[in-house]
Amino acid sequence: MNGPEIPESHPRHESLLTRHRIETGVDLGITSKQGLIAQGRGEAFDYLLGERTIPTADEAARAAAAHLLLADHPVLSVNGNVAALAPGEAVRLAEATGADIEINLFNRTQDRIKRIREHLRDHGAENVKGLTADGRIPGLENARAKVDADGIASADVVLVPLEDGDRAAALAEMGKTELVIDLNPMSRSARSATVPIVDNLLRALPNMTAQAEALADADRTTLEDIVKSFDAEAALEAAEDRIRNG
Ligand code: PTJ
């Protein structure tokens, strides 16, 4: 993707480049128009968080990496925003943790799913799930209920980046361990997560990959201790406090 001419000295250089990625995602038929609105909402929270990974988000990324490494069948769920913003980063995290990648969309069309699959393949993904849709998440009325039977439906740990909270709650209801990346610590997704990572997707995914690589040789007890010592409620409180009080 070619970026626009934004001088590196521009105070909002990173933010403008990110916006351009989302715009390009819409032009390519990958990202929904609602994805633009979601991006704006995320930017506002990121601004208030100081556009950096706060210590509790770093701990959450480590706990999430440990969960993925302990899982029997981990799956990374990808929507139109994730595909546009961080396709390579998602593929690298899947590789570092042995997770499957599954496309799961709120504004679901076969055309968008196929375009996202191609885009992920261009970034190194080999096996992308989400096209079969032969499984269902019970109790969910929208298109996000459609999942692959050998993907999200049978996963024990699911990473759910930036979405609204109804699927997050339904997955929790199914007894799955849910890892959520969301810049809004007050969102339903973040609140129903086993591990809420209150950070920008663009920082959280590479951080999780680095943590998973660092823990690759750790034994189960070490990973289980990391998982047990993470306090989701305290992490949400710390993020909200940073947003409210700086
Ligand atoms: O591609 P589709 O059809 O599945 O649609 C996906 C969107 C994102 C449009 C849909 O899930 C949606 O409308 O999401 P919401 O309800 O706007 O929620 C998005 C959440 O993600 C909000 O809490 C934002 O603050 C947060 N968010 C936005 N951008 C980022 C983010 N969190 C982390 N990193 C970001 N870059």
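Which residue in β2 is the bridge partner of Val 78? It is Ile 103. The model is a predicted one, in which local features need pLDDT of at least 70, side-chain atom pairs count only at pLDDT 80 or more, and totals for chains, interfaces and linings use all residues. Residues are numbered from 1 along each chain as its sequence is written, and side-chain values use heavy atoms, with hydrogens and water left out. Helices (H or I, at least four residues) and strands (E, at least two) are DSSP runs, numbered from the N terminus.

The sheet is considered first. Six strands build an open sheet with parallel pairing, in the order β3-β2-β1-β6-β7-β8. Two strands pair if DSSP finds at least two bridges between them. The edges are β3 (128-129) and β8 (195-197), each of which pairs on one side only. Strand β2 (residues 100-103) joins β3 in the parallel sense over two bridges. Ile 101 stands opposite Val 128 of β3. Helix α9 (residues 201-214) packs on the sheet and touches β6 (157-161), β7 (177-181) and β8. Contact here means heavy atoms within 4.5 Å. The direction of α9 makes about 130° with that of β7.

Strand β1 (residues 74-78) is mostly covered, with five of its five residues buried. Buried means under 20% relative accessible area, exposed over 50%, and partly exposed in between (1.4 Å probe, protein chains only). In a regular strand, side chains alternate between the two faces of the sheet. In β1, Pro 74, Leu 76 and Val 78 point one way. Val 75 and Ser 77 point the other way. β1 pairs with β2 in the parallel sense over four bridges. Its parallel pairing with β6 has three bridges. Val 157 of β6 is the bridge partner of Pro 74.

Helix packing comes next. Two packed helices are described by the angle between their axes and the distance between the axes. Axes are lines fitted to C-alpha atoms, for helices over the stretch in contact, and angles run from 0 to 180 degrees between N-to-C directions. Angles under 35 degrees count as roughly parallel, over 145 as roughly antiparallel, 65 to 115 as roughly perpendicular and the rest as oblique. A crossing is left-handed if the near helix is turned anticlockwise from the far one by less than a right angle, and right-handed if clockwise.

Helix α5 (residues 87-97) packs against α9 at about 20°, with the axes 9 Å apart. The two helices are therefore roughly parallel. Their crossing is left-handed. Contact residues include Leu 93 and Ala 96 of α5 and Leu 205 and Met 208 of α9. By class, the contact of α5 with α9 has seven nonpolar, two polar and three charged residues. Ala, Val, Leu, Ile, Met, Phe, Trp, Tyr, Cys and Pro count as nonpolar, Asp, Glu, Lys and Arg as charged, and the others, Gly among them, as polar.

Helix α1 (residues 13-27) meets helix α2 (residues 33-48) at about 165°, with the axes 9 Å apart. That makes α1 roughly antiparallel to α2. The crossing is right-handed. Among the contact residues are Ile 22 and Val 26 of α1 and Leu 36 and Gln 39 of α2. This contact has three nonpolar, four polar and four charged residues.

Helix α3 (residues 55-70) and helix α10 (residues 220-229) pack at about 135°, with the axes 8 Å apart. α3 is thus oblique to α10. The crossing is left-handed. Seven nonpolar, one polar and three charged residues make up the contact.
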